[in-house]
Amino acid sequence: MRTTTLSLAEARRLAIVSQAFGTRPAKPSIAHLRQLIGQLHAFQIDSVNVLTRAHYVPAFARLGPYSVDLLDSLAYKRRELFEFWGHAACLLPNALYPLVRYRMEWHVEHTRKYMKSRRGGYMTRVLAEVAEKGALGAGDLSNPGTRSGSWWGWGTGKAALEHLFDAGLLSIAGRRGFERLYDLTERVIPKPVLDAPAPPREQAMKELICLAASACGVGTIVDVLGYFYVDAWHDRLPPGPYWERPAGDAGGRRRPIAKRLVAELVEEKRLIPVQVEGWTEPAYLSPGARIPKHVDARALVTPFDSLVWERDRIERLFGMRYRIELYTPAARRQYGYYVCPFLLGDTLVARCDLKADRSQGILRLQSAFLEPKQKAGAIAPALMEELDLMRQWLGLEHVQVADRGDLAPALRRHRRSSRRADRQDLSD
């Protein structure tokens, strides 16, 4: 089979447009949001709230200032999105529900059998209480159980709810603050979605791989599989509650099959093998992929944006060695706590440590660093515009630029010159 070759610049442009960056609508609407989630397939959810909740930011990065109420409405009122495991915890469009059913059904038989046992009596009572009372958080259970020192410090009630969620018997009906509220799946997922036929496991995995390839634009097998964690640890766990598995027992784990599935997709011409300039591993793209000649993008992307999920891919595409430093001790952080790459044109040109100080009404730019070979004078105006746009979207009053990082001086100079120009305009 003939292998296509892409230059690195072509691969970058394809990756960016496949991730829906480019021209923004004048007034983002719910239709734009639906189209976006249909292209990206997943908004990752994370508890870190130093800027705003992670699942809200991808739409802002691509559409500009939109109402987050629209996303909440799609998820928890209109029921067009659902929460489940995609790339970690994600909001996913209903079209993907049949494709992730295999992950739920892997646990169902063992879970039902467990709940009939003496040890499973507590989980049975938890499910019955949700059925009786409706959407509940773990703390709402009449017997929330004891808190353990393992598994994120979950109590037994939270662990039971989470496993029932994994098995598809419960779904996320909404959130109270950031706390998950669990309800019976048939009361959360629309009936036509529940009744849609679920493909067999391998077919579903192949569909997810194809969707991932389309959303990535181009990627290695690791890149493409990582988009939905296909055939990763969650797909291959032994079935049933994790606390019932013997310590260190891997006997129930499924064997990896992803390489075979990708090879079959190539044979079926649903994936096209390509060679990307400078990459040592073969890559893949969708048959319908179209490489633009030019990309005009501008966006701040969070550590949980789908553009940067695969850190090695970001280094191969953009030359940016990007790592999350959230859990690194402060004294050892190189760039900061919540560092967001800045996309300008067709590459990542800088990175910014951002914090929304809601009590003071300030968007704090705590550090700003250029990527190698980038020019501060060319980047500072665009970055300040994007920061000011984000400030408005977050409902903050000011952007404050700290002096940390080699891009910070140019940003501060640009800020001062803009203020002088504004004062001159007023005097005229």
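Me: Which residue in β14 does Leu-363 stand opposite?

Reply: In general, the strands of a sheet pair through backbone hydrogen bonds, in either a parallel or an antiparallel sense. In this predicted model, Leu-363 stands opposite Val-399 in β14. Strand β13, residues 362–370, pairs with β14 in the parallel sense, over 4 bridges.

Me: What is the order of the strands in the open sheet?

Reply: The open sheet has 5 strands in the order β10-β11-β12-β13-β14, and the pairing is mixed. Its edge strands, each of which pairs on one side only, are β10 (298–300) and β14 (398–401). From one strand to the next, the twist averages 30 degrees.

Me: Which strands does helix α14 lie across?

Reply: Helix α14, residues 376–393, lies across β10, β11 (339–344), β12 (347–357), β13 and β14. The helix runs at about 65 degrees to β10.

Me: How many bridges join β3 to β4?

Reply: The two strands are joined by 6 bridges and run antiparallel, with β4 covering residues 88–93. Together β3 and β4 form a hairpin with 1 residue between them. Within this pairing, Trp-85 stands opposite Ala-89 in β4.

Me: At what angle do helices α1 and α13 pack?

Reply: Helix α1 (residues 8–18) and helix α13 (residues 311–318) pack at about 130 degrees, and their axes are 9 Å apart. That angle makes α1 oblique to α13. On the α1 side the contact is made by Leu-8, Ala-11, Arg-12, Ala-15 and Ile-16, and on the α13 side by Arg-313, Arg-316, Leu-317 and Phe-318. By class, this contact has 6 nonpolar, no polar and 3 charged residues.

Me: How many aromatic pairs are there?

Reply: Two aromatic rings count as a pair if their centres lie within 6.5 Å, and by this rule the count comes to 11 aromatic pairs. One of them is edge-to-face: Phe-82 and Tyr-97, at 5.0 Å centre to centre and with 75 degrees between the planes. This pair links distant parts of the chain, as Phe-82 is in strand β3 and Tyr-97 in helix α5 (residues 97–115), 15 residues apart.

Me: Are Phe-82 and Tyr-97 buried or exposed?

Reply: Both Phe-82 and Tyr-97 are buried.

Methods
Residues are numbered from 1 along each chain as its sequence is written. This is a predicted model: local features need pLDDT of at least 70, side-chain atom pairs count only at pLDDT 80 or more; totals for chains, interfaces and linings use all residues. Side-chain values use heavy atoms; hydrogens and water are left out. Two strands pair if DSSP finds at least two bridges between them. Axes are lines fitted to C-alpha atoms, for helices over the stretch in contact, and angles run from 0 to 180 degrees between N-to-C directions. Contact means heavy atoms within 4.5 Å. Angles under 35 degrees count as roughly parallel, over 145 as roughly antiparallel, 65 to 115 as roughly perpendicular and the rest as oblique. Ala, Val, Leu, Ile, Met, Phe, Trp, Tyr, Cys and Pro count as nonpolar, Asp, Glu, Lys and Arg as charged, and the others, Gly among them, as polar. Rings of Phe, Tyr and Trp (its six-membered ring) pair if their centres lie within 6.5 Å; planes under 30 degrees apart count as stacked, over 60 as edge-to-face and the rest as tilted. Buried means under 20% relative accessible area, exposed over 50%, partly exposed in between (1.4 Å probe, protein chains only).
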